Each structure stands twice: as C-alpha cells, then as structure tokens.
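Student: Could we go through this one together, question by question? I'd like to start with how the parts sit relative to each other.

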Amino acid sequence: MEQLKIIGGTPLTGEVRISGAKNAVLPILAATLLVPGETIIDNVPRLRDVHTFIKVLNAMGAKAAFTGEHQVTVDATDITNPEAPYELVKTMRASILVLGPLLARFGQGRVSLPGGCAIGARPVDQHIKGMQALGAHINIHEGYIEARGKLRGARFIMDVTTVTGTENLLMAAVLAEGTTILDAAACEPEVSDLAHCLNAMGAKISGIGTTTLTIEGVRALKPARYATLPDRIETGTHLIAAAITGGEITTRHTRADLLEAVLEKLEAAGALVERGPDYIRLDQRGRPLHAVSIRTAPFPAFPTDMQAQIMALNTVAQGTATVIETIFENRFMHVPELARMGADIAIEGHTATVRGVAKLSGAPVMATDLRASACLVLAALAAEGETTIDRIYHLDRGYDAIEKKLGAVGANIRRVRAEESL
C-alpha cells in the first residue's frame, strides 16, 4: 500500500502540462469496439482506469496497448468474447460503456454491473431503458446485464441526464438502422469529444454540445486517429493548488472554455486568472483568498468533480461559504478528513457550510474516493507540518503522476510505501 507524504506551506510556482481527459478517453476506448481495424488514440493519460480499460478490451479479444508515451492503439477486428467480466468491472464504473458498442456491432453483449468510487447510487436504468427503446432485449442475471437484438433508430427522452448513459446510447445508435434522437442528453465536453471521435470514424451525429443529439445510423465505421481533449478537472485541481498556497501556476495544453464556471469562482476568490489559446495562468501571490459558494450542476455549471477541491480552498479562505452538492448524494466523505486537519465544516443534507480558518495542520488522513483524494492533497499543500494520505490508489485512477507534476512546481511531496512510515 502506498501513501503520499506532503509538507505544506510552500507557494507553488511554475508550469504544469495537463494530460488528456480521463472521462473522455474511457468512452473513446469503448468506441474502438465499433470498428474492425486499428484505431489510434493520442493524448491518453497513464492512469489506473486506462490500464484497467485496456485489460477489459484485451479480455474480449481485442489487441490494445500503449504504443507511445501517451498513445494507445486498439485493433478490435476479432472480438471473441463480448463480455466485460466482474473481476475487471468491479473497480471501474466506466466499464458499462462497452455494452452499447458490443450490442451495436455484434447484436449482443454481457457486462457486469459496475463498481467504482463509493460516492452514492449511480443507477444504470437510463442505459437499459434507452437500449430497450432501440430494440434491445435486456436481462439482468446473476449480477450481469445481458443484451441482445438488432437495433433500430428511435427517440428516447432521458428521465435523468446522465453522462455515461448518453455516451452508451450514442455508441449504440451509430450503427442502428434509421435515425435516433436522444433528448435531455448530457452535453459535457467529454460527451462532445466522444461524438467528434465517432464522426471521425464515419458516424453521422449532429447537435453535438446540445441536449438533443441526432444520430443517423450508418452501416459500418472505419478506423481513425483521434486525440482526446485536455482534462478540465486536472486543470482545475492544479489551479486551485496555486490559489490555496498563494502561488502562481500556468497550466499548459488545456482549454479555458472547458471550465469557465470554475475560473469565474477562482476570480471571485481573489485570484488573477489569464486565459490563453492553450493555457490558463493563475496568480494568487499577495492576494487574499475569499470564500466562494458553489452549487454543482451539469455542464456548463460548476462540475461535481471539482466540488471537493473548491471545498479545500474554502477551508483557508476569509469568510463563510456554502457548498451544495446536487449530483451525488454521498460526496462529502472528505469532510471528516478535512476536520482532522482543523477545518471548520458543518453538513446538513446536501449542503456543507465552510468557515475559513487561519491555518490547517498536517495530519494522517485517508482518501475515500478519487476527487476526495485530490481535495486532501490540496489541503495538505496549504497546511502547516506533514500530512500523510492513505489509500492513494483512488488518486491514481484519475491523476497522471500528480506528485511529479506538483513536485516540479515546488511542492514538498513524495510517494512512499506504507511500511516506510512505521
């Protein structure tokens, strides 16, 4: 078991190169199942979830591997086993995304009900209802979703907007006979990135970036080469690292339009933010931090995946802020850990009230999910003394070598095995 040890109090300064978006590359990896032939994906982060997804593809008979530092090549010509087994799926909810492509291309698919972070109920009913609307026969048996049938275009209105549900149905519909219309679809940038990738493969998708997607079914897709968009959550996390330490960071190979709601909150907190064509610079030097209230909501509003990080910022800001979580009902698990470091946070229902304190103190803490682990890293960077963060395998699911990137801009951070700390 590995840990992070962080000694806080150093303002971070320098440049950070942002990796490709985890939440974009996973559905794009699933989309390779639609294509007989070799697909090349560029700007792929080296994350635990990416490696797991590559194992899922290989378990089905595909030939998938990193063929460059940030490049993955997938040859899905021969899929011999259209099933995503429990042993792999249990660690990563995104594995459900193979169901749509398998069903579309092969007329059948079998996927274990998914796992992932324990941040609340994330049902797959919209995936199932949507595929049934397209003509699939679905059976839930012994913990597996089993789907069969020839898909035909249909109109489907989502009861609840869901990112992975939209992505799964999008991939199912591209090879369906006729026209499919998805209403109340998610319009997150990662959904749009998948749609652009599918179009590069020969799909006919319109309405990209809106809540209504129209898909004209095609007979087959062709191999393509595609680069994923930059990770907006990694970008936001590093910008907050500069803000919470009173430093200055330039994030490179990123896009400001992907996280404007976060940038506006950082400006309200007192940061100087400069937006460039492929960079964002944040300067907090000599500028006091002010508490900022947020309410999470689907894109383009404030993302739930940045909620924990902005809460860390508020713990040492001047004033009081409310953080309202509307997406996941169990996403305040980082609060008791922040309290161990001296944070003043009260929770009532889906609202956390954060009163800024003069300083946090280093302490042993435990990560409970991916974004909570990033929150604890940020708090540790601002705290006096040393913080030890356990269960950082959560962090490795979504951040590519975060200790190396933060270390390069001045953080006192190192990864150790748990035995070294005894």
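Student: How many Å separate the centres of domain 1 and domain 2?

Tutor: This is a predicted model, so to speak: local features need pLDDT of at least 70, side-chain atom pairs count only at pLDDT 80 or more, and totals for chains, interfaces and linings use all residues. Residues are numbered from 1 along each chain as its sequence is written, and side-chain values use heavy atoms, with hydrogens and water left out. The protein splits into domain 1 (2-19 + 230-417) and domain 2 (22-227), with bounds from an automatic or database domain assignment. Taken over C-alpha atoms, the distance between their centres is 30 Å.

Student: Which three residues supply 34% of the area that domain 1 buries against domain 2?

Tutor: Buried area is the accessible area (1.4 Å probe) that two parts lose on being put together, summed over both. Between domain 1 and domain 2 that comes to about 1900 Å², with carbon and sulfur atoms giving 53%. On the domain 1 side, more of the area comes from one trio than from any other three residues: Phe299, Arg397 and Asp400.

Student: Which residue meets Arg397 in a salt bridge?

Tutor: A salt bridge here is a side-chain nitrogen of Lys or Arg within 4 Å of a carboxyl oxygen of Asp or Glu. The count between domain 1 and domain 2 is two. At 2.9 Å, N to O, the side chain of Arg397 pairs with that of Asp49.

Student: And which elements give two or more residues to the side of domain 1 that touches domain 2?

Tutor: Helices (H or I, at least four residues) and strands (E, at least two) are DSSP runs, numbered from the N terminus. With contact meaning heavy atoms within 4.5 Å, 22 residues of domain 1 touch 20 of domain 2. The elements you want are helix 12 (370-382) and helix 13 (393-396).

Student: Why does Thr39 count as buried?

Tutor: Thr39 sits in strand 3 (residues 38-42). Beyond four places away in sequence, Thr39 touches residues including Thr32, Val72 and Met201. Thr39 counts as buried because its relative accessibility is 2%.

Conventions
Buried means under 20% relative accessible area, exposed over 50%, partly exposed in between (1.4 Å probe, protein chains only).
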